[in-house]
Amino acid sequence: MAATVFYLDEIPEPGGVAVLAGPEGRHAATVRRIRVGEPVTLSDGAGVLAESEVVAARKDMLELQVLNRVVAEAVSPPVTVVQALPKSDRSELAVELMTEAGADVVVPWQAARCVANWEGKAHKGVEKWRAAARSAARQSRRAYIPEVRDLHRTPDVLDLVREAKADNGIVVALHESGRSRFVDLPVAAASRIVLIVGPEGGLDDGELTALSEAGASVALLGPTVLRTSTAAAVALGALGALTPRW
């Protein structure tokens, strides 16, 4: 079984001793009860992976000797998920699922039909999503923690769509009205991919028109209607098989 992954901003060279403290150290020592002699994989969340061994354990901290270090190659093409804000009880679940499925960038979007409203509390919502992404990345042993960006409004999302298209990327708005099938899009040759997932009430006509005019393809993901919290994870799974990501 692979060693548990924990995140540390700065990882020493092989032979050095790393100190895992704070929330990560508490989780490792108190919750996971990791003891001296056990293997642990350290990561900086930006590609570095280091095999290490615990040499000292306290109630809220571990000391680990670094055995080796490698840099994991980032997957290609990178995938950005523009996620309309789900209801509060499913909000962080959406981030967890898309992180486990491989999202590289997550963009929270205050879409027209969102039940959730982050106006006046966007910073708190974004921080919760960042914590959820970090936790899910640890659980799935990712070398890269997804970047969670600040809250976007529709004009910001349209700018993101135009930027991706200018970079020879593919932008897909997942919607049941799509005439194209997701599996038929030329995603394997794309420089980058942007997935746009609407809220529980769906994308409204104005948003669909604006996204299409900005360069997004409106596509049908599959034969069933998915919850907004699960659609991105399902699409990412499909992209893993349709592109070199897997």
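The questions and answers below concern a predicted model.

Q: Is Q83 buried or exposed?
A: Q83 belongs to strand β6, which spans residues 79–84. A residue counts as buried under 20% relative accessible area. The relative accessible area of Q83 is 0%, so Q83 is buried.

Q: Which residues are in contact with Q83, leaving aside its neighbours within four places in sequence?
A: Q83 lies in β6 and is buried. With neighbours within four places in sequence left aside, its contacts are A94, M98, V107, P108, W109, W129, V197, G198, T228 and A232.

Q: Which strands stand at the edges of the open sheet of seven strands?
A: The open sheet has the order β8-β7-β6-β11-β9-β12-β10, with parallel pairing. Two of these strands each have a single partner strand, so one side of each is left without a neighbour in the sheet. The strands at the edges are β8 (147–148) and β10 (180–181).

Q: What is the bridge partner of V105 in β8?
A: Strand β7 (residues 105–109) runs parallel to β8, and two bridges join them. In β8, the partner of V105 is E147.

Q: At about what angle to β11 does helix α4 run?
A: Helix α4 (residues 154–166) lies across β6, β7, β9 (170–174) and β11 (193–197). Helix α6 (residues 228–242) also packs on the sheet, touching β6, β9 and β11, and its direction makes about 155 degrees with that of β11. For α4, the angle to β11 is about 155 degrees.

Q: Which residue in the hairpin of β3 and β4 takes a positive phi?
A: Strand β3 (residues 39–43) has four of its five residues buried. Five bridges join β3 to the antiparallel strand β4 (residues 48–58), and P39 stands opposite E53. Four residues lie between the strands of this hairpin, and the one with a positive phi, near 75 degrees, is G45.

Q: Which element supplies the largest share of the lining of the largest pocket?
A: The largest pocket holds about 490 Å³ of space. Its lining numbers 24 residues, and the closest to its centre are L174, H175, E176, V225 and L226. At least two lining residues come from each of β11, β12 (217–220) and α6. The largest share, three residues, is supplied by α6.

Q: How many charged residues are in the lining of the second largest pocket?
A: About 350 Å³ of space lies in this second largest pocket. Among its 18 lining residues, V75, G102, D104, R142 and Y144 lie nearest the centre. By class, the lining has ten nonpolar and two polar residues, and the number of charged residues is six.

Note on methods. Residues numbered from 1 in each chain as written. Predicted model: local features only at pLDDT ≥ 70, side-chain atom pairs only at ≥ 80, totals over all residues. Heavy atoms only, no water. Buried < 20%, exposed > 50% of the residue type's maximum accessible area, 1.4 Å probe, protein only. Contact = heavy atoms within 4.5 Å. Pairing = 2+ DSSP bridges. Axes fitted to C-alpha atoms, helices over the stretch in contact; angles between N-to-C directions. 1 Å grid on protein atoms, 1.4 Å probe; cavity = no way out; pocket = protein on both sides within 12 Å on 5 of 7 lines; lining within 4 Å. Points joined across faces, edges and corners; volume = space filled by probe spheres on them. Nonpolar A, V, L, I, M, F, W, Y, C, P; charged D, E, K, R; others polar.
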